[in-house]
Amino acid sequence: GHLKKLNAWPSSVERKLQQIADKAILYLDARMQEDYLQMIKSVKYAETPTNTSLAVQYLYMRSFFADKPIARAHTKAYAYVTSTAQKGWAKTSKQQQAMIALVMHRNGNKKLATAILASLREYSITNQEFGMYWKEFNNPGFYWWQAPIESHALLLEAFAEIENNTARINDLKTWLLKQKQTTHWPSPRATAETCYALLMTGSTLLEVHQAISIKAGNWA
């Protein structure tokens with residue numbers, strides 16, 4: 001999905017990649033249908049719907065392939081997890097909030113996507129040295145959706161696509177680059193997510209600028 005979003009599918013293997021993606025989408029739609037049937041079996045769960053991390057990640061994945069329609073047998077499942085995400089986004093992690101904001105934006109619910117970003121901004125910290133970040137990323141949790149680098153990369157993606165404020169995007173990029181400078185991106189997944197996020201809109205912070213030349217009379 002990321003490669004497709006960046007128009008980075010090589011033409012030589014585009015057909016093969018599309019076949020792989022089509023099979024994966026059908027498989028994941030079916031698995032979400034199974035999860036949905038388990039969800040509605042519990043009356044308590046159905047009365048108080050709660051977002052699951054897998055459901056949010058599924059919606060995020062599906063948002064990259066809007067051209068692939070949901071099978072009629074799976075439309076109720078998709079509608080249910082989408083509705084649950086709309087109602088309960090505030091109780092999810094920052095990473096999941098970014099995913100939900102992107103899903104809503106791509107599905108046409110611009111108002112909710114903007115509201116989620118507004119909430120994320122309120123909890124953020126911005127300074128000249130480290131840019132824009134979230135305090136909780138300094139003390140990462142155990143679960144994958146609490147991983148600071150991957151989470152920040154998703155937040156950058158959300159702000160870049162939904163808001164597209166160059167100054168804020170560059171502040172978000174600064175924090176990611178600082179992590180590489182002071183420590184390292186801890187895993188292949190973190191590196192891949194970061195590279196994808198850095199290729200989104202905003203100015204190119206890594207480009208080489210021409211050196212300044214100063215002349216005074218015959219002296220340079």
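Author: Let us begin with empty space. Rolling a probe the size of a water molecule over the atoms shows where empty space is left. In this predicted model, the largest pocket holds about 570 Å³ of space.

Reader: Which residues are the closest to the centre of the largest pocket?

Author: They are G1, L28, Q57, M61 and F65, out of 26 residues that line the largest pocket. The elements giving two or more residues to this lining are helix 1 (2–5), helix 2, helix 4 (53–62) and helix 10.

Reader: Which element gives the largest share of the lining, and how many residues of the lining are nonpolar, polar or charged?

Author: Helix 2 gives the largest share, with ten residues. By class, the lining of the largest pocket has 18 nonpolar, three polar and five charged residues.

Reader: Let us turn to helix packing. At what angle do the axes of helix 2 and helix 5 cross?

Author: The axes of helix 2 (residues 14–41) and helix 5 (residues 75–88) cross at roughly 70° and come within 9 Å. Angles of 65 to 115 degrees count as roughly perpendicular, and helix 2 and helix 5 are therefore roughly perpendicular to each other. Their crossing is left-handed. Helix 2 contributes M32, Q33, Y36 and M39 to the contact, and helix 5 contributes K76, A77, Y80 and V81. Six of these contact residues are nonpolar, one is polar and one is charged.

Reader: How are helix 6 and helix 7 placed, roughly parallel or roughly antiparallel?

Author: Helix 6 (residues 94–106) packs on helix 7 (residues 110–122) at an angle of about 155°, and their axes are 7 Å apart. An angle over 145 degrees counts as roughly antiparallel, so helix 6 is roughly antiparallel to helix 7. The contact joins K94, Q97, I100, A101, M104 and H105 of helix 6 to K110, L112, A113, I116 and L120 of helix 7. This contact has seven nonpolar, two polar and two charged residues.

Reader: What is the angle between helix 8 and helix 10?

Author: Helix 8 (residues 148–163) and helix 10 (residues 188–198) pack at about 20°, with axes 9 Å apart. Helix 8 and helix 10 are therefore roughly parallel to each other. Among the residues that make the contact are I149 and L156 of helix 8 and Y196 and L198 of helix 10. The contact of helix 8 with helix 10 has seven nonpolar, one polar and four charged residues.

Conventions
Residues are numbered from 1 along each chain as its sequence is written. This is a predicted model: local features need pLDDT of at least 70, side-chain atom pairs count only at pLDDT 80 or more; totals for chains, interfaces and linings use all residues. Side-chain values use heavy atoms; hydrogens and water are left out. Axes are lines fitted to C-alpha atoms, for helices over the stretch in contact, and angles run from 0 to 180 degrees between N-to-C directions. Helices (H or I, at least four residues) and strands (E, at least two) are DSSP runs, numbered from the N terminus. Angles under 35 degrees count as roughly parallel, over 145 as roughly antiparallel, 65 to 115 as roughly perpendicular and the rest as oblique. Contact means heavy atoms within 4.5 Å. Ala, Val, Leu, Ile, Met, Phe, Trp, Tyr, Cys and Pro count as nonpolar, Asp, Glu, Lys and Arg as charged, and the others, Gly among them, as polar. A crossing is left-handed if the near helix is turned anticlockwise from the far one by less than a right angle, and right-handed if clockwise. On a 1 Å grid over the protein atoms alone, a cavity is a set of points where a 1.4 Å probe fits but cannot get out, and a pocket is an open set with protein on both sides within 12 Å along at least five of seven lines; lining residues have an atom within 4 Å of a point. Grid points are joined across faces, edges and corners, and a volume is the space filled by probe spheres set on the points.
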